Amino acid sequence: MRVLLIGANGYLGRFVADRLLADPAVQLTALGRGDDADVRFDLASGSPGALTRFLDAVHPGVVVNCAGATRGGARDLTRHNTVAVATVCEALRRSGCGARLVQIGCGAEYGPSQPGSSTAEDAVPRPGGPYGVSKLAATELVLGSGLDAVVLRVFSPAGPGTPAGSPLGRLAEAMRRAIQSGDGELKLGGLGAQRDFVDVRDVARAVHAASLSAAQGVINIGSGRAVRLRDAAAILARVAGYAGALHELDGHHGPLRSTIGHPRSESDHTAPVAYPYPDGCGSWQQADVRTARDRLGWRPRINLEESLADIWMEAACRI
């Protein structure tokens, strides 16, 4: 099976590439902006015609799109997450390759949900920020394209390679600094949010399964369990061997030493948090993952403690 992987050098893409390369039946071609890609192509600025010519030359059976942006203003997010997907869909429609499309979506497309609830694929999406809006628009383009396509709505990925700017990445960095400086007290804000964390290697397994399946539409990929960031911090402290005290500060009412779930800036130490949930998902998100089980034969295998241990291993190497 010939697979074209777009965004192979990104956070998710690297693990998807590893998983696909481990399958001897897969012939993988990587397309991306980096020098290490087999073919250099920028989806945000490239034309559908140019991509069509490449598809006709390679003739893949499956196209996996892991490319996209998680940060930036509405214009950049739209360009990288929506316009880029429109380019992929149009190129596939023009091409004679007849490839199946596996698009990586995001749990942020749903927006906030009722605490205690599990969000299923038939929930009405109400994204609470420009990132979720840009990803939802991409999903709608894929679903309306007429292509053989599936969208995997990945909730909160965790594990090795977790970006330093993500909530868990910032949490690990704050703990690393506390240990390095011998600080016996760590003050953190924004730990009240509850998120559904799923290991990035389990996400890669889901992509592999979706590539081989005939499933279409939207499929949630998560652990099926919401975890409070405060509890994740306690697990990370145990993994890291940090014996200091963890104090949670309310992001609305005072200066913070470190804020989890808020983009880092020079003013983080002196200014209150303007938006307590910058991902637009409110205080709670938990995926209903029964569709993934039923249609892909997929279940998460790696627990959060193992994911956090790998995040800490990478952070500790910076000490």
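The average pLDDT of the chain is 90, and 91% of the residues reach a score of at least 70. Two stretches call for more care. Residues 252-259 have a pLDDT below 50, and in the model this stretch makes 29 contacts beyond near neighbours in sequence. Over residues 261-275 the pLDDT likewise stays under 50, with 30 contacts beyond four places in sequence. Where pLDDT is low, the predicted coordinates should not be read in detail.

We turn next to the sheet with parallel pairing. Its 7 strands form an open arrangement in the order E3-E2-E1-E4-E5-E6-E10. Strand E3 (39-40) and strand E10 (217-221) are at the edges, and each of them pairs on one side only. Within the sheet, strand E4 (residues 62-65) runs parallel to strand E5 (residues 100-106), and 4 bridges join the two. On this stretch, Asn-65 is found opposite Gln-103 of E5. Helix H1 (residues 11-21) packs on the sheet, where it touches strand E1 (2-6), strand E2 (27-32), E4 and E5. The direction of H1 makes about 165 degrees with that of E1. Helix H4 (residues 130-143) also packs on this sheet, in contact with E5, strand E6 (149-154) and E10, and its direction makes about 160 degrees with that of E5.

A further open sheet is built from 3 strands in the order E7-E9-E11, and here the pairing is mixed. Strand E7 (156-158) and strand E11 (226-228) each have a single partner strand, so one side of each is left without a neighbour in the sheet. Neighbouring strands are turned by 55 degrees against each other on average, with direction ignored. Strand E9 (residues 194-199) pairs with E11 in the antiparallel sense through 3 bridges, and Asp-196 has Ala-226 of E11 as its bridge partner. Helix H6 (residues 200-212) lies across E7 and E9, at about 65 degrees to E9.

Two helix pairs complete the picture. Helix H2 (residues 48-58) packs with helix H3 (residues 74-94) at an angle of about 50 degrees, and their axes are 8 Å apart. At that angle H2 and H3 are therefore oblique to each other, and H2 passes H3 in a right-handed crossing. From H2, the contact draws on Pro-48, Gly-49, Leu-51, Thr-52 and Leu-55, which meet Thr-87, Val-88, Glu-90, Ala-91, Leu-92 and Arg-94 of H3. Sorted by class, these residues comprise 6 nonpolar, 3 polar and 2 charged.

Helix H5 (residues 167-181) and helix H7 (residues 229-240) pack at about 45 degrees, with 11 Å between their axes. H5 and H7 are therefore oblique to each other, and the crossing of H5 past H7 is right-handed. On the H5 side the contact includes Pro-167, Leu-168, Leu-171, Ala-172, Met-175 and Ile-179, while H7 contributes Leu-229, Ala-232, Ala-233, Leu-236, Ala-237 and Ala-240. The residues of this contact divide into 12 nonpolar, no polar and no charged.

Key. Residues numbered from 1 in each chain as written. Predicted model: local features only at pLDDT ≥ 70, side-chain atom pairs only at ≥ 80, totals over all residues. Heavy atoms only, no water. Pairing = 2+ DSSP bridges. Axes fitted to C-alpha atoms, helices over the stretch in contact; angles between N-to-C directions. Contact = heavy atoms within 4.5 Å. Parallel < 35°, antiparallel > 145°, perpendicular 65-115°, else oblique. Left-handed = near helix turned anticlockwise from the far one by under 90°. Nonpolar A, V, L, I, M, F, W, Y, C, P; charged D, E, K, R; others polar. pLDDT = per-residue confidence, 0-100.
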